[in-house]
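Student: I would like to go through this model with you. Could we start with the overall picture and then move to the details?

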Amino acid sequence: MARSSLWKIAALALLVAVTMALPLVVTNAFALDIFIRILLFSLVGVAWNLMGGYAKQLSLGHAAFFGLGAYTSTIMQVDFDISPWIGMVAGGVVAALASLPIGWLCFRLRGPYFTIATIATAQALMLIFLKFRDLAWGAEGTTIPNLGSAPLMLQFETKASYYYVVLGLLALALLITWRIERSWIGYYLVAIGEDEDAAEAVGVNAPRIKRDVYMISAFLTALAGTFYVQYIYFIDPATAFNFNISIEAALVSIVGGIGTLWGPVIGTVLLETTSALLQSWLGSSTGGVQLTVYALMLMAIILWRPAGLMGFVNDIWRRHLRRRPARA
Amino acid sequence: MLETVAQAVINGLLIGGIYALVSIGVTLIFGVVKIVNFAQGEFVMIGMYLSFYLATQFGLDPLLSLFVTMPALFAAGVLIQHFLIRRVLGPNDMPQIFLTFALSLLLLNLALMLFTANYRTVHTSYSDAALHFAGLYVPVAKLIAFVVAMALSGALWVFLHTTDLGKAMRAAAQNRDVATLMGINPNRVFAVAFGAALALAGAAGSLLMPFYSAYPFVGQVFVLMAFVAVVLGTLGNVIGALVASLMMGVAESLGIQFVGADSGLIVVFAMLLLTLALKPTGLGGGRVR
């Protein structure tokens, strides 16, 4: 037992060292861009996994929070000259508050109808930002003024700086997930995911737990939204509320291992690497190809490895550990 | 004013017939197999492309291609149920939701690769024809689509209520375990339900082709309508889905008439969110799950 946790600490230390050193070794802009995408979608996946993975509330509407985070910080920056660092936190708060009415509506439904309701709320938000031009530039969107090197305004000249920012955000999300997983809330979430009625029957206040964790999930997703539009210097409703963000959030978690700490990260590494390889093989016209491959991977995982890649790794890990005492 | 309202109601009812074919498919699968088919809209899309290619390659009228699209999609439904859906049936929601969702994603993006994002239309002799009476305007293609859609819905209702297989399907919908004890083979019933639902989607595709464009994302419009209609109507209830679909068509049409051309979707979402807020179990009551 002690040996196993020692191994885990060593592996974590190695992972931290490698991720910290990566931009020093890899300076190619294309490769760094892929790493940043991996970290960004890992962050979205980790945020989704809190609600979707542990409590099995299978949302396909997390783009709502991504978009709210992105729009809050951009409106604050462009209209009021407030730093996106502050805007990022404000966006998180806006998204967390928005999760209250959204959750109030959607949690009335269970299973597939919860999923449909989350799609509808995210799409409705996108329509609102498309229709009401006075609110935020309508369908045209806006470019974010490029100030060159302005770390206080979340703008950098090197991709490596963006890499460290999103790495920090991901670390925060993982830390929060780890703490929740280890606490009584984590056990309650899993109980709700297994059987909500049974959980309530033994005294779990399911509506309250779901509400609180949904807020945390929304907050973390919004941080990713702010980071993303700052990184690409552009915002419009189709980018910020893109349905593909909702899809990818769920997809990386399911492929990697639903309801596990590292599942979304592993899933994102696999999916984003595949997508980058496809892009370099086939050129720019890969929209259909990329999602076709994603869909096939998702189907394969559901049919043959429902516990995801993490389940696969855990099986091997356990078999390895079980054999060890027999030899000693 | 009264004429404008009447015209909007007629337009809404006519398109509502198509919505009904899609919704009845969704509600049939939900009622019998107990899963939500997120890919239902993509089968409308496939029906449209089938009709389009039969019309452009073989000169087959889109309405006659109904006799090809319906059996073809029925067969596809039986195969999908047998090889995919059957493997994920059980108490766990996650694989069911994401299997049909992955299927939707797959078919949509395959269509994007094969057919490109271009809009495809078929022009028939009756595409522009219309009946006029009492100052109202009724396009012939839409009227035919509505009549055939209602006839198919009626045929399904008769099938469910008079034939042994139909009664077995209703029995399996009410209580799967007891139905199995009574000697009903659930796999066969599920396969027929899935096939019938997809055949209806295929029919919707063929009926749409004379007056609607085919493109890879076309199914999304119809499936969203269907989900709302199925929440609004009683889940698993064919009549409920039919009535709710016609209501949705009229509401959308009135929204377009009086709020603005691009407000159709907003009306749909508003209706869905209102339903969730006021009557989350749908107009027919009952629990979702």
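**Chain folds, helices and the contact**

Tutor: In chain B, 77% of the contacts between residues at least 6 apart in sequence join residues at least 24 apart. Please keep in mind that this is a predicted model.

Student: What is the corresponding percentage for chain A, with residues 24 or more positions apart?

Tutor: For chain A, residues 24 or more positions apart account for 75% of the contacts with a separation of 6 or more.

Student: How many helices and strands are there in chain B?

Tutor: Chain B has 11 helices and 2 strands. Read from the N terminus, its elements follow the order α-α-α-α-β-β-α-α-α-α-α-α-α. The radius of gyration of chain B is 19 Å, close to the 19 Å that the globule rule gives for 289 residues, so chain B is as compact as a globular protein of that length.

Student: And what box do the C-alpha atoms of chain B fill?

Tutor: Along the principal axes, that box is roughly 60 × 50 × 35 Å. Of the 289 residues in chain B, 52% count as buried.

Student: Turning to chain A, how many helices and strands does it have?

Tutor: Chain A contains 15 helices and 2 strands. A compact globule with 328 residues would have a radius of gyration near 20 Å, and the 20 Å of chain A agrees with that. Its C-alpha atoms fill a box of roughly 65 × 50 × 35 Å, taken along the principal axes. Buried residues make up 46% of the 328 residues in chain A.

Student: Tell me about H4(B) itself. Is it mostly covered or mostly exposed?

Tutor: H4(B) is mostly covered, with 18 of its 23 residues buried. At 1.5 Å a residue, the 23 residues of H4(B) should span 33 Å, and its end C-alpha atoms are 33 Å apart, which agrees.

Student: What comes just after H4(B)?

Tutor: Just after H4(B), B:Thr116 takes a positive phi of about 60°. B:Thr116 lies in the loop between H4 and strand E1 (130-133) of chain B. With 12 C-beta neighbours inside 10 Å, B:Thr116 counts as exposed.

Student: Where is A:Lys56 found, then?

Tutor: A:Lys56 is in the loop between helix H2 (29-54) and H3 of chain A. A:Lys56 is buried, with 22 other C-beta atoms within 10 Å.

Student: And H3(A), how many of its residues are buried?

Tutor: In H3(A), 13 of the 18 residues are buried, so this helix is largely enclosed by the rest of the structure. Just after H3(A), A:Asp81 takes a positive phi of about 60°.

Student: Back to chain B. How do H1(B) and H5(B) cross?

Tutor: The axes of helix H1 (residues 2-33) and helix H5 (residues 140-162) of chain B come within 8 Å and cross at roughly 35°. H1(B) passes H5(B) in a left-handed crossing.

Student: Which residues meet there?

Tutor: Among them, B:Leu13, B:Leu14 and B:Gly17 are in H1(B), while B:Lys142, B:Phe146 and B:Ser153 are in H5(B). The residues of the contact of H1(B) with H5(B) divide into 13 nonpolar, 2 polar and 1 charged.

Conventions. Residues numbered from 1 in each chain as written. Chains lettered and ligands numbered in written order. Predicted model: local features only at pLDDT ≥ 70, side-chain atom pairs only at ≥ 80, totals over all residues. Axes fitted to C-alpha atoms, helices over the stretch in contact; angles between N-to-C directions. Helix = DSSP H or I, 4+ residues; strand = E, 2+ residues; numbered from the N terminus. Left-handed = near helix turned anticlockwise from the far one by under 90°. Contact = placed C-beta atoms within 7 Å. Nonpolar A, V, L, I, M, F, W, Y, C, P; charged D, E, K, R; others polar. Rg over C-alpha atoms; globule rule 2.2 N^0.38 Å. Buried ≥ 20, exposed ≤ 12 C-beta atoms within 10 Å, placed from the backbone. Expected span 1.5 Å × (residues − 1).
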